[in-house]
Amino acid sequence: MARSSSYNTRTRQLILEYLAANARRTVSAADIVAHLEQAGAPANPTTVYRCLDRLAAEQRVMKYVAKKGERAVYQYIDEGRHCRDHLHLKCVRCGEIIHLDCHFMQEVQAHLLQEHGFVLQCEGSVLYGLCRRCAEQQAGNAEPDQT
């Protein structure tokens, strides 16, 4: 994965630390701005967005935009993880991101190419649903049918 030796400001370091501490979920620029304020290092939102754009270009974070016009959310990428090579599953309830970096992805990509002549580009691709924990909680909260 391409890493840059970009100038490491205190703000950049605090942003990276926050993203790494929240690596299992996505966070917005507003979440980061609020964190920086709480940490006693307030930053202009424009500065935060610029830093996030640089981190995305350096492949230190993934940037997700669900629909056109919606604000982006970001997730820290661990060293050695190739997030551009697999899909991601996002829980709509708790926000957890699950990396679908298993053998299944190779099967899906091979099928799409062989059967449909389609080359899948996974970068930023997210499937939405419920994680196991949230699905179990939802099933446990379901009221029995009163008929």
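Author: Let's start with a term: a residue is buried under 20% relative accessible area, exposed over 50%, and partly exposed in between, using a 1.4 Å probe and protein chains only. Please keep in mind that this is a predicted model, where local features need pLDDT of at least 70, side-chain atom pairs count only at pLDDT 80 or more, and totals for chains, interfaces and linings use all residues. Residues are numbered from 1 along each chain as its sequence is written, and side-chain values use heavy atoms, with hydrogens and water left out.

Reader: Why is V65 called partly exposed?

Author: Its relative accessibility is 44%. That value lies between the cut-offs of 20% and 50%, so V65 counts as partly exposed.

Reader: Where is V65, and what does it touch?

Author: V65 sits in the loop between β2 (61–64) and β3. Strands like these are DSSP runs of E with at least two residues, helices are runs of H or I with at least four, and both are numbered from the N terminus. Not counting residues up to four places away in sequence, V65 touches E70 and A72; contact means heavy atoms within 4.5 Å.

Reader: What makes K90 buried?

Author: K90 has 18% relative accessibility. The cut-off for buried is under 20%, so K90 counts as buried. K90 belongs to strand β4 (residues 87–91). Leaving aside neighbours within four places in sequence, its contacts include T26, V73, I97, V126 and Y128.

Reader: Which residues of helix α2 are buried?

Author: In α2 (residues 29–38), they are A29, I32, V33 and L36.

Reader: How do you know that they are on the same side of α2?

Author: They cover an arc of only 100° around the axis, which puts them on the same side of α2. The arc is taken from the directions from the helix axis to the C-beta atoms. In general, an α-helix has 3.6 residues a turn, so residues three or four places apart point the same way.

Reader: What covers the buried residues of α2?

Author: The cover includes α1 (10–21), β1 (27–28), α3 (45–57) and β3 (73–76). After α2 comes G40, whose phi is positive, near 80°.

Reader: Which residues does UniProt list for "binding site"?

Author: The unreviewed entry lists C91, C94, C131 and C134. UniProt positions are given in the numbering used here, feature names are shortened, and annotations may be inferred rather than shown by experiment.

Reader: Why is C134 called buried, and why is C94 called partly exposed?

Author: C134 has 3% relative accessibility, which is under 20%, so C134 counts as buried. C94 has a relative accessible area of 33%, between 20% and 50%, so C94 is partly exposed. C134 lies in helix α5 (residues 132–141), whereas C94 is in the loop between β4 and β5 (97–100). Not counting residues up to four places away in sequence, C94 touches C131, R133 and C134.

Reader: How many helices and strands does the chain have?

Author: There are 5 helices and 6 strands. Of the 147 residues of the chain, 34% count as buried.
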